[in-house]
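Morning, everyone. Let me put the model up, and then I'll walk through a few spots.

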Amino acid sequence: MNESLLFCDVDEYGFPHWNGFDAFRWYALPTNWGFMTGNAYLWLYKTSWLIYHRNMIKQYAKEAEIPAFLLAGVAVSEVGGMPERFKGLGVLQARQVLDELTGEENHYSNKTSVGSIAIQLGVAAETLGIDPTTLDHFQQFRLANCLLDNSFNIRVVAFHLRDLILYDNPGINTAMLTDEQIILAGSRYNRGTQRLDSDIKNSIHDPIGSPTREYSEYGRRILQKKEAIMRILEGR
């Protein structure tokens, strides 16, 4: 992936992005499957999003040479929550001001997560082969807008997941992963690369209730949804 992909053509059409009304319907109203409110609405949205984008997910997973299930699992975990456009038009600008006030070079702004599959701007830039510290405010804004395009977003996330797999398993076939490697890559997506891989692996087998279990919680939840995710990906 190269720098030319930074400035994509953002398509305003396609699957509706999660907005303020969606967030209100999920967060402010009680869960009711009949009226599709609360957590029921969130999960119906996530499921619909995955069905709509399953071919795209399979396409980019194949291109990045990673399991489609892993990419879909991360998508299901990330889709929904804060209104998407607010992250790139509100949160980002507030953090850019904070960078200026503290003299930090994109420290806070590059940690802004954008896109249907939320990914930090700095991480997205690195995945594209760009030094995130060199981005000016306008380039950050453009990248944030690019990540609102689901095709661009899914592709960047797919290649970032490949990078995470290779971080812990240099030289392996990234398309064929064990359950443990799925959990590790998923947990890295959520928590970054700061923690030792042994800490995450050991946490999988730690007693329920142990505080260290949270190291692998994100990845374990992806694996727990495998059967349902695969049914959607396969159109069953």
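Start with M230. Leaving out residues up to four places away in sequence, M230 touches F69 and R236; contact here means heavy atoms within 4.5 Å. M230 sits in helix α11, residues 226-233. Helices are DSSP runs of H or I with at least four residues, strands are runs of E with at least two, and both are numbered from the N terminus. With a relative accessible area of 22%, M230 is partly exposed. The scale: buried is under 20% relative accessible area, exposed is over 50%, and partly exposed is in between, with a 1.4 Å probe and protein chains only. The C-alpha atoms of M230 and L128 are 28 Å apart, and 102 residues separate the two along the chain.

A word on the source. This is a predicted model, where local features need pLDDT of at least 70, side-chain atom pairs count only at pLDDT 80 or more, and totals for chains, interfaces and linings use all residues. Residues are numbered from 1 along each chain as its sequence is written, and side-chain values use heavy atoms, with hydrogens and water left out.

Next, E84. E84 belongs to helix α4, residues 84-102. Setting aside neighbours within four places in sequence, E84 contacts H17, W18, Y45, G115, S116 and L148.

Stay with α4. Its axis and that of helix α6, residues 137-146, come within 11 Å and cross at roughly 155°. Axes are lines fitted to C-alpha atoms, for helices over the stretch in contact, and angles run from 0 to 180 degrees between N-to-C directions. So α4 is roughly antiparallel to α6, the term for angles over 145 degrees. On the α4 side, the residues are G88, L89, L92, Q93, Q96 and E100; they meet H137, Q140, F141 and A144 in α6.

Last, backbone. Most residues other than glycine have a negative phi. E65 is not a glycine, yet its phi is positive, about 60°. E65 lies in the loop between α2 (39-64) and α3 (68-78). E65 is partly exposed, at 43% relative accessibility. N106, also not a glycine, has a positive phi of about 60°. N106 is in the loop between α4 and β1 (113-114). N106 is buried, at 8%.

Technical notes. Parallel < 35°, antiparallel > 145°, perpendicular 65-115°, else oblique.
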